[in-house]
Amino acid sequence: MIRLFNIKNKFKFSSKVYKSLKDTVGKKNPLKQVIGNRRELVYSKHAKSKVAIIPKLIPSFLKMFEEVRSFNSKRVKETSITLKSISNKPLIVSLKSLEKPSLNSFHTQDYLLFEIKSGSSSSKYFVKHTADSVDLFNNFHGASEIKALDVISKAGFNVIPAHFGYVDKINKKSFIFYEFQEKLMDVEIAFKKKLIKDTDIKEIRNNLYKVEKKVNQFLYTYKDLKISSNALIKDIYPHFSKENHSLPVFIDFENKKLFIYDPWLLE
């Protein structure tokens, strides 16, 4: 794996990690929610604009997904399709299967890189597909996850921004589209690269417990999306992590910030 950072000095965390998780992006990324009998969608203005100018974007993604999904017998790792925008401009959309980035996520079957290319410009998304065996009605799905991220963000903590949560209730498929992050590193990978130590991991872990508590206190005041009154956000603090250094956090080494991902909204 290519080294993304060249850190000469020991990475240091503040005594209270959650105080460094400020300047949230969620307040700048308002979400809309559509709940039907067959599907549930939660999406940002960014996602809406992409779908509006590329009418066949979602059907094309689903078609490509069937080619690259992890248990497909053909084991195709990457595929692409040429589409046209509403202005008849050609675009290339591609989907690539990725290795699992962390031991922390238990309910994800596939990790994918989705890219939209138009001339020299490109938009990339890190996509998670919930395992088919998971009961989506227990809220292990993309629409629930993106709502949890919105709550966490508006409570004042940094998250990896996500633009689209999609649930197909009939075919039991679920996806969440995160912004692909070039310059952030998963805590587990950072630990393996010896960029952080056990003491750093312990400090992050202890303070994530405080973050989870604060987020659930804020949840009582959250009114932006439809969430039940008995909702609870979990997995900010990794109660059942397979390994002590596997945490649902990415690190921005340059700005010394932490970004939360992979939360669970229990309703």
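**Entry 1. A salt bridge at E66**

I began with E66, which is partly exposed, with a relative accessible area of 34%. I note at the outset that the model is a predicted one. I then looked up the partner of E66 and found that its side chain meets that of K173 in a salt bridge, at 3.8 Å from N to O. The pair links distant parts of the chain, since K173 belongs to strand β8 and E66 to helix α2 (residues 57–68), 107 residues apart. I recorded K173 as buried, because its relative accessible area is 17% and the limit for buried is under 20%.

**Entry 2. Other salt bridges**

How many salt bridges does the structure hold? I found 10. One of them joins the side chains of D262 and K128, at 2.4 Å from N to O. I placed D262 in the loop between β12 and β13 (264–266) and K128 in strand β6, 134 residues apart. Are D262 and K128 buried or exposed? I found both D262 and K128 buried.

I next took up E267 and K147, whose side chains meet in a salt bridge of 3.9 Å, N to O. E267 lies in the segment after β13 and K147 in helix α3, so this pair ties together parts 120 residues apart in sequence. E267 is partly exposed, at a relative accessible area of 34%, whereas K147 counts as buried at 3% relative accessibility. I also noted that a network of salt bridges links E40, K147 and E267.

**Entry 3. Aromatic pairs around F114**

I searched the whole structure for aromatic pairs, and the search gave 16. Among them is the pair of F114 and Y125, which is tilted, with 6.4 Å centre to centre and 40 degrees between the planes. F114 lies in strand β5 (residues 108–118) and Y125 in strand β6 (residues 121–130), so the pair ties together parts that are 11 residues apart in sequence.

How are the planes of F114 and F177 set? I found them at 75 degrees, with the ring centres 5.9 Å apart, so this pair is edge-to-face. F177 is in strand β8 (residues 173–179) and F114 in strand β5, so here the parts tied together are 63 residues apart in sequence. F114 and F177 are both buried.

**Entry 4. The nonpolar cores**

I looked up the largest nonpolar core, which has 48 residues; I152, Y178, V187, V215, I233 and I236 touch the most other members. The elements giving two or more residues to this core are α3, β7 (162–168), β8, α4, α5, β11 and β12. Which element gives the most? I found that α3 does, with 6 residues. A second, separate core has 23 residues, including M64, V68, L91 and F175.

I examined V187 in particular. Leaving aside its neighbours within four places in sequence, V187 is in contact with I196, I201, I204, H245, L247, V249 and I251.

**Entry 5. Helix α5**

I turned to helix α5 (residues 198–218), which has 21 residues. From its first C-alpha to its last, α5 reaches 30 Å, close to the 30 Å expected at 1.5 Å a residue. Which residues of α5 are buried? I listed D200, I201, I204, R205, N207, L208, V211, E212, V215 and N216. The cover over the buried residues of α5 includes α3 (142–154), α4 (187–192), β10 (232–234), β11 (249–252) and β12 (257–260).

**Entry 6. Strand β11 and its partners**

I closed with strand β11. V249 and I251 point one way from β11, F250 and D252 point the other way, and all are buried. Strand β9 (residues 185–186) pairs with β11 in the antiparallel sense over 2 bridges, and D186 stands opposite F250 in β11. With β12, strand β11 also pairs in the antiparallel sense, over 4 bridges. I noted K257 in β12 as the bridge partner of D252. β11 and β12 form a hairpin with 4 residues between them, and K256 in the turn has a positive phi of about 55 degrees.

Note on methods. Residues are numbered from 1 along each chain as its sequence is written. This is a predicted model: local features need pLDDT of at least 70, side-chain atom pairs count only at pLDDT 80 or more; totals for chains, interfaces and linings use all residues. Side-chain values use heavy atoms; hydrogens and water are left out. Rings of Phe, Tyr and Trp (its six-membered ring) pair if their centres lie within 6.5 Å; planes under 30 degrees apart count as stacked, over 60 as edge-to-face and the rest as tilted. Buried means under 20% relative accessible area, exposed over 50%, partly exposed in between (1.4 Å probe, protein chains only). The expected span of a helix is 1.5 Å times one less than its number of residues. Contact means heavy atoms within 4.5 Å. A nonpolar core is a set of buried Ala, Val, Leu, Ile, Met, Phe, Trp, Tyr and Cys residues joined through side-chain atoms within 4.5 Å. Two strands pair if DSSP finds at least two bridges between them. A salt bridge is a side-chain nitrogen of Lys or Arg within 4 Å of a carboxyl oxygen of Asp or Glu.
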